[in-house]
Amino acid sequence: MRISLFVSTLLFALHINASAASNETCCGPVSAKGAQLAEQLQNSGVERLWLAGKHVDWESGEPDQGDKPAKSHCSAFAAAFAKKLDVYLLRPPQHSQVLLASAQVLWLQTEAARAAGWRPVADGRSAQTLANQGQLVVAGFQSPDPHKPGHIAIVRPAELSEQSLKEDGPRLTQAGQKNYLSTNARIAFRYHPGAWPDGIRYFVFDGKSAP
């Protein structure tokens, strides 16, 4: 009887500890600077601009008179948002909007990007932590097929549980086949086979200004 009670108590304690661990914040609190970044993303207009299936002005996200509508505008949004923060991310006219996301991910790995203030980030946990601190972080996937688009999004400051980070990855704001003010990496990269969970690369801007 006592042994049974002891085992039950032990199992209950383990359950409580496991539940508490799953609810722990993974990546630190959102700082004042992080809250400011989240507000800038919230006010970016991405839910109504840079819409898929239209040709848009890359910087404003407004439809324009271009000849060919694009399937999505993730890279244009990322470049436009970075520019608003006075940060250079590969963009027109240095590269056209066509297949720009893969080109951005490739560029972010170059010495030119490092000189411009960008550096690689180890993983999604580090990416979310840096975003929570208010730094500009992008999540990108370079398509293995040079004729198919990759994808890129902005990491959004958010307090996540360990379980949420493990199952869904960092929080993101993106344009794409569907635009989101707030989503997770698992959903954001679902149209890109090979991206989630191990094909996504993260980069942070920690320089002082754009080139």
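Q: What share of the contacts with a separation of 6 or more is made by residues 24 or more positions apart?
A: In this predicted model, such residues account for 62% of those contacts. A contact here means heavy atoms within 4.5 Å.

Q: How many helices and strands are there, and in what pattern?
A: The protein has 8 helices and 6 strands. Along the sequence the pattern is α-α-α-α-α-β-α-β-β-α-β-β-α-β.

Q: What makes a residue count as buried, and what percentage of the protein is buried?
A: The cut-off is under 20% relative accessible area. Of the 211 residues, 45% are buried.

Q: Why is the link of Cys26 and Cys27 called a disulfide?
A: The two sulfur atoms lie 2.4 Å apart. The limit is within 2.5 Å, so the pair is a disulfide. The structure holds 1 disulfide.

Q: Which hand does the link of Cys26 and Cys27 have?
A: It is left-handed, with -95° about the S-S bond.

Q: Are Cys26, Cys27 and Cys74 buried or exposed?
A: Cys26 has 10% relative accessibility, so it counts as buried under the 20% cut-off. Cys27 is at 4% and is therefore buried. Cys74, also at 4%, is buried too.

Q: Why is Phe81 called buried?
A: Its relative accessible area is 4%. Buried means under 20%, so Phe81 qualifies. Phe81 sits in helix α3.

Q: Which residues does Phe81 touch, leaving out those up to four places away in sequence?
A: They are Leu37, Gln40, Leu41, Ser44, Leu136 and Ile154. Take Ser44: it is 37 residues from Phe81 in sequence, yet the C-alpha atoms are 7.5 Å apart in space.

Q: Which residues of α2 are buried, and how do you know that they share a side?
A: Helix α2 covers residues 32–42, and Gly34, Leu37, Ala38 and Leu41 are buried there. They span an arc of only 100° around the axis, so they lie on the same side of α2.

Q: What does the face of α2 turned away from the buried side carry?
A: Exposed residues: Ala32, Lys33 and Glu39. Exposed means over 50% relative accessible area.

Q: What do the buried residues of α2 pack against?
A: They pack against helices α3 and α6 (124–132). They also pack against strands β3 (151–155), β4 (171–174) and β5 (180–184).

Q: What is the volume of the largest pocket, and which residues are closest to its centre?
A: The volume is about 740 Å³. Of 36 lining residues, Lys71, Ser72, Leu99, Lys148 and Pro149 are closest to the centre. The elements giving two or more residues to the lining are α3 (74–84), α4 (100–107) and α8 (185–188).

Q: How does the lining of the largest pocket divide by class?
A: There are 16 nonpolar, 13 polar and 7 charged residues.

Q: What makes a space a cavity and not a pocket?
A: In a cavity a 1.4 Å probe fits but cannot get out, whereas a pocket is open. The structure holds 1 cavity of 30 Å³ or more. The largest cavity has a volume of about 30 Å³.

Q: Which residues line the largest cavity, and of what class are they?
A: The lining is Ala70, Ser72, His73, Ser75, Ala76 and Gln97. By class, 2 are nonpolar, 4 are polar and none is charged.

Key. Residues numbered from 1 in each chain as written. Predicted model: local features only at pLDDT ≥ 70, side-chain atom pairs only at ≥ 80, totals over all residues. Heavy atoms only, no water. Buried < 20%, exposed > 50% of the residue type's maximum accessible area, 1.4 Å probe, protein only. 1 Å grid on protein atoms, 1.4 Å probe; cavity = no way out; pocket = protein on both sides within 12 Å on 5 of 7 lines; lining within 4 Å. Points joined across faces, edges and corners; volume = space filled by probe spheres on them. Helix = DSSP H or I, 4+ residues; strand = E, 2+ residues; numbered from the N terminus. Nonpolar A, V, L, I, M, F, W, Y, C, P; charged D, E, K, R; others polar. Arc of directions from axis to C-beta.
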